[in-house]
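Reader: Please show me the model, and then take me through the terms and values one at a time.

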Amino acid sequence: MMELRRRVAYRSDFWINFFGQTFFSLIIAYYLWSSIFKTTGKTEMNGFTMQSMIFYYLVAPLVFRIQQGLGIGFISRDIYEGSLNKYLLYPVEFFKFKLSTYLATSFFFATQLFVILGVYQIFFYDENIFQFHLLNIIFFLLALLGSTLIYFYLSVIFESLAFWYDNVWSVGVVLRFATSFLGGALIPLTFFPIGVQSLLNMTPFPYLIHFPVAVLTKGLPATELLSSFGIMIFWICIFYAVAKLVWNKGSYSYSGVGI
Amino acid sequence: MRRYLRLYFYFIKFSLSKAMQFRLDFFFRIFMDIVFYLVQFFFFNIIYKHTTLLAGWDLEQMNLFVAAFIFADAFHMTVFANNSWWFPISINQGKLDYYLTKPVSSFFFIGFKELAANSFLNLIIATGVLYYFLQPFILDVPKWQISSFILLLLHGAFLYYMIYMIFLLPVFWTGSDRGFADIFYAAEKITHRPDGIFTGFFRRFFLTILPFSMIASYPTRFLFTETEQLSIFTDIAIGSGIVYIIVFILWKLGLRNYSSASS
């Protein structure tokens, strides 16, 4: 609740930023892909029509935003500024506290996504692109939760480097660039060469953006869903273990500025 | 003028020593920008696997356009980016007082006080990349046109900063510590797309009210054209002039409205 209150403290900023971001993302995607479809003379490319492409660019940036949670510096800033000290006095474990505030922020951005989906359903309904099936929505929410947890633990690993190197903002930005491109926020992964797609499938990136969007729009078959969720759980466990290890090592190096 | 140059020299000296305090971040920022450059090239190279032309440009021309906006971005990152990042925070926390009391232009102080030393290394890399992708055109294009192209890109970097300020200056009224930076980051991606893809109202919009297409796309178009140089120059002058007037007015009004949060 505290995190949600903080998020809406500057309401006008929040909503203007939200609609502005969505508006510009769509405008750029629309004109770019209109130009490509027009030049090639095709009506479908790699499983996308012009309409489904626009829907993809409506959803993918918001999915990407959801998993970003608290954003870059959510742990490294506490370490660098010494505000980690205060968490030592809280009657709750630091990791759990951060995870809950991270998920609260993600939840808040998820509500934005559902506002957009609602508007789309009312004004631009096209059954070939998106249908409001309860089961799809449940799987989509699970995929969102999974991708957010993967990104959270991956971020914790990089953020914890602040124990040794103080300022690690740029490391977070590199992770964001990589996720945006290799996860499919910039361009759908089906446009990548087949060899690259196979390589990417061995990494966690497709499960961050491409997979949740595919669950929402295409309603994947049960076997694919099951195997993808299994792989997601695998990555969550791996990153959780590494994050714990790095955190435990790093906490011995913590100097506690300001104590 | 000499006073400002001397002041800028001290800004550079201070920025260099500050940058070396965080060594990992220093080198990672270089790596970060290289990743950004690679992503841009990969993006268009993937698109050109599915089409031969985009906005009338082939892959060779598009690579030069990407190199052009990377160069403008690197120049902006080196000279202005750190300063614009801190600007809304200074207003939010009432730290603007410190700059207002200095015997120099506060707008100059805010815009130039910190130079990103690590990004300067990226500027060298970006210059090399631009030079590399210019090679196929260097024999066919007159030297004055190439020099004007570089000058237009440097101007593009300053224009980028000024457009960013339009999104940041509202903090004088909203009081937040980010302004409308999130919208800016969504909108600035127009810089990364060739202006030829836009048509109608939005084409005019991105050439006048928010002239992102003037930063790198129009300078690149200037290089390729044989007949439209004058009209491109005129368009850039008009588009930039509108932005500079808006920033000037917002800055003056903002200062009048500034309440100094901490004093």
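Author: Helices (H or I, at least four residues) and strands (E, at least two) are DSSP runs, numbered from the N terminus. This is a predicted model, in which local features need pLDDT of at least 70 and side-chain atom pairs count only at pLDDT 80 or more, while totals for chains, interfaces and linings use all residues. Residues are numbered from 1 along each chain as its sequence is written, chains are lettered from A and ligands numbered from 1 in the order in which they are written, and side-chain values use heavy atoms, with hydrogens and water left out.

Reader: Where in chain B is B:Thr225 placed?

Author: B:Thr225 is buried because its relative accessible area is 11%, where buried means under 20%, exposed over 50% and partly exposed in between, with a 1.4 Å probe and protein chains only. Apart from neighbours within four places in sequence, B:Thr225 is in contact with B:Gln145 and B:Ile232, contact meaning heavy atoms within 4.5 Å. As for its place in chain B, B:Thr225 belongs to the loop between α11 (217-224) and α12 (229-257).

Reader: Is B:Leu96 buried or exposed?

Author: B:Leu96 lies in helix α4 (residues 96-100) of chain B, and its C-alpha atom is separated by 9.9 Å from that of B:Ser259, 163 residues apart along the chain. Not counting residues up to four places away in sequence, B:Leu96 touches several residues, among them B:Phe172, B:Trp251 and B:Tyr258. Because its relative accessibility is 0%, B:Leu96 counts as buried.

Reader: What is the radius of gyration of chain A?

Author: The secondary structure of chain A comes to twelve helices and two strands. The radius of gyration is taken over C-alpha atoms, and the globule rule is 2.2 Å times the number of residues to the power 0.38. For 259 residues that rule gives 18 Å, and the value for chain A is close to it, so chain A is as compact as a globular protein of that length, with a radius of gyration of 20 Å.

Reader: What percentage of the 259 residues in chain A do buried residues make up?

Author: Along its principal axes, the C-alpha trace of chain A spans about 65 × 45 × 35 Å. Among contacts in chain A between residues at least 6 apart in sequence, 77% join residues at least 24 apart. Of the 259 residues in chain A, the buried share is 52%.
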